[in-house]
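Take a look at the protein below.

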Amino acid sequence: MQTFQVWVEDAPALRDTYRAIVEELKERVNTAPVHITYSEQEQGEYAVFRFQSWCEREYDAQTIDWARAFVALTIAEWVLRVKEPQVIEEMASQLLDAEQLSAEWSEILPYVQRICRDAGQMDGINTDLLTTTVRKAKVYRKAFDFLDQERCVNMTGFVRFRLQEHWSELFEWVEMVIGEYLEDQQYQEFLELLRHFISVQEPKQEVVHVIPSVDKPFRLYDKKGNPLLLEHLDSVFNLEEYPFRDEDYLVSALVTLAPENIVLHMAAERPGLVQTIRSIFENRLSTCRSCPFCQSGKRLLDGHSQTTL
């Protein structure tokens, strides 16, 4: 028979959630031929969960660790459900205070919580190393290793002292997410400024065709299919010390040309680009899929000997 103890602060939100997790995992996880039971009692300021296990046959190399694995899993689930949201809120508050952004707390905190909860499903954010599954796996491994040496876990001490690396990684993650949020806010303000500028600017081109290219982000053509050359933009965007996104080049070019209408070719390949251009130029943008160029699926290869569209 194996015995483990988990000590949880005797506060309803902490104790009741841990009990619910244990019951949930007992329903979900099949540990046969190992049977795991638990009892609960109050001891001072703690609720003590006492786990006991026994095996229908002699333990082997596989089943000997099943009880330990089960208890470690309950700990990992509890940390992610109970402690992480609290810690994330504290981290976000600390970072926002440092940036004097406390007034934006009500908008930023839900964003941070959503990203941390749905990591791995968000576009544009590197979540490979800190998805919920990965975080849970790391906490589980910490708990599993700890239980190899100790049969009694005080959750307060475990969270504070054994998960320092976990909290450090989470802090960096929250810091990055807040940075992403602030950058996005600045970008939205920039888009609003561009929309206003475009609305009061006199059009300089009736139509501009936008076509993907290999040797530069895009090539632009007028309504007759003649290339539109923007040498001053090319010289700026070719500077290695100033890296730019393809979207930056195109937006700058289109703002300079001030077209009445924009036709984006092979748009199916760049849904994000379509969204960006439409957010600025709105109903001036149309997409093309049916012209000979789009149907051929080819790109312009020769930037030095350009041909008409």
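The model shown here is predicted. Its largest nonpolar core has 54 residues, and those touching the most other members are Val6, Tyr18, Phe51, Ile75, Trp78, Val79 and Val174. Helix 2 gives this core its largest share, 17 residues. In soluble globular proteins, nonpolar side chains tend to be buried together.

Take Val79 from that list. Which residues does Val79 contact, leaving aside neighbours within four places in sequence? They are Glu84, Val139, Val159, Leu163 and Trp167. Another core lies apart from the largest one. This other core has 24 residues, including Leu257, Ile262, Val274 and Phe281.

## Salt bridges across the chain

Now turn to charge. Side chains of opposite charge can pair when their charged atoms come close. How many salt bridges does the structure hold? There are 15.

One of them joins Glu40 and Arg19. Their closest N and O atoms are 2.8 Å apart. Glu40 sits in strand 2 (residues 34-43) and Arg19 in helix 1 (residues 12-28), so this pair ties together parts that are 21 residues apart in sequence. Glu40 is partly exposed, with a relative accessible area of 32%. Arg19 is partly exposed too, and its relative accessible area is 26%. Glu40 and Arg19 also belong to a network of salt bridges, where they are linked with Asp10, Arg15 and Asp16.

Another salt bridge pairs Arg68 with Asp148. Here the closest N and O atoms are 3.8 Å apart. This pair links distant parts of the chain: Arg68 is in helix 2 (residues 66-98), Asp148 is in helix 4 (residues 132-149), and 80 residues separate them. Are these two partners buried or exposed? Arg68 is buried, with a relative accessible area of 9%. Asp148 is partly exposed, at 46%. Arg68 counts as buried because its value falls under the 20% cut-off.

## A salt bridge within one helix

Some partners sit in one helix. Arg195 and Glu192 meet through their side chains in a salt bridge, with 2.8 Å from N to O. What separates Arg195 and Glu192 along helix 6? Both lie in helix 6 (residues 164-200), 3 residues apart, so about one helical turn separates them. Glu192 is partly exposed, with a relative accessible area of 47%.

Technical notes. Residues numbered from 1 in each chain as written. Predicted model: local features only at pLDDT ≥ 70, side-chain atom pairs only at ≥ 80, totals over all residues. Heavy atoms only, no water. Salt bridge = Lys/Arg side-chain N within 4 Å of Asp/Glu carboxyl O. Helix = DSSP H or I, 4+ residues; strand = E, 2+ residues; numbered from the N terminus. Buried < 20%, exposed > 50% of the residue type's maximum accessible area, 1.4 Å probe, protein only. Core = buried A, V, L, I, M, F, W, Y, C linked by side-chain atoms within 4.5 Å. Contact = heavy atoms within 4.5 Å.
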